[in-house]
Amino acid sequence: MRRYTELAISNPDDLVFGQCPQPLTTRRGLVIGGGTVYPELNFTLPAMTVEASTMPKVCEHYRQMVTDALARAVQLEADGVVVEFETLPPMTAEPDWGMQIVEILQEALEDVHAKHGLKTALRMTPNDNREMVRPPRMREGEHWEHMLELFDRSAAAGADLLSIESVGGKEVHDQALLYGDIRQVIFALCVMGVRDMEFLWQHIVEIAERHGVVAAGDTACGFANTAMVLAEQRMIPASFAAVVRAVSAVRSLVAYECGARGPGKDCGYENVYLKAITGLPMSLEGKTAACAHRSPVGNIAMAACDLWSNESVQNVRLLGGQAPTVSMEQLIYDCRLMNVATGHGEARRLRDWLVESDAPRDPQAYILTPANAVQLAGVLVAEPNHYRAGRAVARQAVEILQQGSRDGRVRLDPRDAASLEMMSEAIETMPDDVEAFSAQMMAEVEQERFVAADYQLSCGCAGG
C-alpha cells in the first residue's frame with residue numbers, strides 16, 4: 001500500500017474544477033481532469049420490484065434511460081459523458097441480473113461513440129450487500145462472493161471504472177451519529193472502516209488490473225452523507241456533521257493507497273480533500289443532485305469537480321421528458337459554464353463565486369473551502385497512521401470552525417458551538433496509541449452489532 005506523506009496540491013489556488021496533476025484517460029478518449037469537466041449521469045428505476053419475473057421490464061427501463069439520455073447529449077454537443085450504473089441490492093445478489101444491464105449500457109455507449117464520436121465511459125458500482133445480514137459478514141459469505149463476481153464480470157465486459165459505496169464500520173458509525181460521539185466516529189471510520197477498506201480495495205484493484213480497467217474510488221456516503229441528512233433534519237448539529245465529513249477522508253483515502261486511480265465517486269464530498277492529497281480526478285455532486293437529496297453544499301461542491309454528477313434520478317416522467325434525460329441536460333449546461341470559464345482563463349473566479357455563495361451559511365460548506373480543504377489534507381498526511389490522522393483532522397476541523405465563527409466567516413448557531421466544544425474536549429481524551437484507543441472503544445461499543453474478527457479486533461483490544 002502507498003502511504004501519502006505530502007500533498008499533490010498544496011496551494012488552494014490550484015484546487016479548481018476540471019484540472020488535476022494526474023488526469024485519467026479512458027479507452028474511448030475521455031481525459032478526466034485534463035481541463036474539461038464532463039457530466040456523469042446516474043439513473044435508477046421507478047418504484048418497482050426487482051425479481052426474475054420483472055427483469056424484462058427492468059432491462060427495458062435501463063435501455064430507454066441510457067438511449068434517450070445519450071441522444072440528448074449528442075443534440076447538446078456534449079464533449080463527453082460518463083454513465084454510472086449503481087446496482088440495486090437484488091442486482092448484486094444475482095450477478096446475472098446486474099450483467100444484463102451492464103451489457104445494455106455498454107452497447108449503447110459503444111453505439112453512440114461509433115455513430116457520433118461521443119466520448120463515453122461506464123462506471124460500475126455494485127451495491128455493497130454485505131450489510132444485508134446481521135451482524136454483517138465483511139470477509140466471507142454469499143454477499144461478499146456475489147459482489148466480487150459482479151465486479152469481475154463487469155470488468156471483463158469492459159466497464160471502464162470500478163467503484164463502490166462500501167459500508168465497513170457502519171455498524172458502529174450509525175450509533176455514533178445518534179449519540180453525537182466523535183470518539184466512536186473516529187473508531188468506526190479510522191480503525192474499523194480503514195481495515196475493511198484495505199481488505200476490500202486490494203480485491204477491487206486486483207480485479208481491475210487483471211482486466212485492464214480502472215479501480216476508481218470509494219465514498220463515505222453511508223457515513224458522512226448520513227450525517228448530512230441527519231443535520232438537514234435537525235437531528236444532529238451541522239457542526240458535528242461537518243467534522244464527520246472531514247474525518248471521513250481518512251477512510252476514503254485508503255482506496256487510493258491500495259491503488260485506485262480515480263475519478264473518485266460522486267457522492268463523496270470528501271473528494272475535495274482527496275484531490276488535494278492524491279492529485280487524481282474526482283467526481284462530485286451538488287445542486288444538480290437535488291433530485292436525489294438536499295444538501296447545504298450545492299455550489300461549493302462544484303468548485304473542485306472533474307466530473308459533475310446528478311447522484312441518481314428515477315425514471316419518471318416530467319414535463320420536460322424522462323427525468324434521466326432532463327438530468328443529462330442540466331449537467332451538460334453546468335459543465336458548459338465551467339468549461340467556458342476555463343477557456344477564458346476565469347476558472348478560479350467562477351470557483352471563488354461558487355465557494356462564496358455557500359461557505360458562510362453552513363459549517364458543512366465552510367469545511368470544504370479550498371483553503372480549509374488544503375489545510376485539513378495537510379494535517380491528514382502529516383500523521384503516521386490512520387487513527388492518528390483521524391484524530392488530528394477532527395481536532396483541526398473543530399478549530400477551523402471555531403475560528404471561522406470568531407472571524408465572522410461562517411454562521412454557527414448555539415447548538416453548533418456547543419457541539420464543537422464537546423468534540424474538542426472528547427478529542428483531547430483520546431490516547432496516541434491505536435491499540436489503547438481500540439481497547440477503550442471495544443469496551444464501550446455494542447459488540448453484538450459486528451463481527452470483531454472481520455476488523456482484526458477482539459474483545460477490548462486491537463490486532464496489528
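1. Helices (H or I, at least four residues) and strands (E, at least two) are DSSP runs, numbered from the N terminus. The model is predicted, so that local features need pLDDT of at least 70, side-chain atom pairs count only at pLDDT 80 or more, and totals for chains, interfaces and linings use all residues. Residues are numbered from 1 along each chain as its sequence is written, and side-chain values use heavy atoms, with hydrogens and water left out.

2. Most residues other than glycine have a negative phi, and most peptide bonds are trans.

3. Pro135 lies in the loop between strand 5 (119–125) and helix 4 (142–156).

4. Glu311 has a positive phi, near 70 degrees, although the residue is not glycine. Glu311 sits in the loop between strand 9 (307–309) and strand 10 (313–314). Is Glu311 buried or exposed? Glu311 is buried, because its relative accessible area is 8% (buried means under 20%, exposed over 50%, and partly exposed in between, with a 1.4 Å probe and protein chains only).

5. Gln456, also a residue other than glycine, has a positive phi near 55 degrees. Gln456 belongs to the loop between helix 16 (434–442) and strand 13 (457–458). With a relative accessible area of 36%, Gln456 is partly exposed.
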